[in-house]
Amino acid sequence: MDKFTVLESVAAPLRIINVDTDMIIPKQYLKTIKRTGLGTGLFSEMRYREDGSENPDFVLNQPAYRKAQILVAGDNFGCGSSREHAPWALLDFGIRCVISTGFADIFYNNCFQNGILPIKVSPEDLEKLFDDAERGANATLTVDLEKQEIRGPDGGSVKFDIDPFRKHCLLNGLDGIGLTMEKAAAIDTFEKKLDARLWA
């Protein structure tokens with residue numbers, strides 16, 4: 001998993017509340033267990049017309065936001081089913097950070113396991129960030145995980161809280177497997193002692 005330290009990017013504004021995981025990645029894309037290739041299906045029912053052409057009105061199809069790595073979204077983002085394909089699709093598209101006033105618990109946890117930083121902010125702060133994001137390519141946000149702050153293009157900043165353990169994991173690029181591998185030496189020592197006792 002890639003480390004998350006400081007991210008500077010244009011932020012795409014998605015002023016929709018209750019974006020569920022089926023909106024993020026519709027069910028027809030769930031046949032795969034690969035984490036790659038799902039970016040094309042991200043928000044597909046909003047991104048594409050019935051004939052398969054792009055919907056120019058959807059934010060991620062607009063030139064200013066095609067390379068956005070930050071998504072500023074309405075409340076209760078990631079609700080609905082628990083599909084892990086939702087963070088996979090966001091990450092495959094290039095989104096590394098989602099900012100909202102609230103997230104569904106399972107989606108929130110899945111983000112951390114896949115190297116995405118979900119940030120909860122107050123409604124007032126979210127509105128400020130929407131204002132910044134709506135300026136398009138002329139305004140970037142900087143997300144500093146170590147300092148736990150989001151810096152806007154005009155020098156303003158928004159502080160955010162995060163669980164210290166989750167912060168440690170993201171800063172060091174550690175998912176569940178990575179955390180286990182950190183303890184590899186201790187595990188090897190334990191297994192050798194156990195083996196010695198069993199065969200003594």
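Helices here are DSSP runs of H or I with at least four residues and strands are E runs of at least two, both numbered from the N terminus. Everything below comes from a predicted model, where local features need pLDDT of at least 70, side-chain atom pairs count only at pLDDT 80 or more, and totals for chains, interfaces and linings use all residues. Residues are numbered from 1 along each chain as its sequence is written, and side-chain values use heavy atoms, with hydrogens and water left out.

View A. Just after H4, Gly115 has a positive phi of about 85°. Within H4 (residues 105-113), the buried residues are Phe107, Tyr108, Asn110, Cys111 and Phe112; buried means under 20% relative accessible area, exposed over 50%, and partly exposed in between (1.4 Å probe, protein chains only). Those buried residues pack against helices H1 (21-24), H3 (85-93) and H6 (164-172), plus strand E4 (117-120), with contact meaning heavy atoms within 4.5 Å.

**View B. The Asp132 and Arg135 pair.** These two side chains meet in a salt bridge at 3.1 Å, N to O; the term means a side-chain nitrogen of Lys or Arg within 4 Å of a carboxyl oxygen of Asp or Glu. Asp132 is buried at 13%, while Arg135 is partly exposed at 37%.

**View C. A four-residue salt-bridge network.** Asp144, Glu149, Arg151 and Lys159 are all linked here. Glu149 pairs with Lys159, closest N and O atoms 3.4 Å apart. That pair joins strand E6 (residues 149-151) to strand E7 (residues 157-159), 10 residues apart. Glu149 is buried at 11%, but Lys159 is exposed at 56%. Arg151 bridges to Asp144 at 3.5 Å between the closest N and O atoms.
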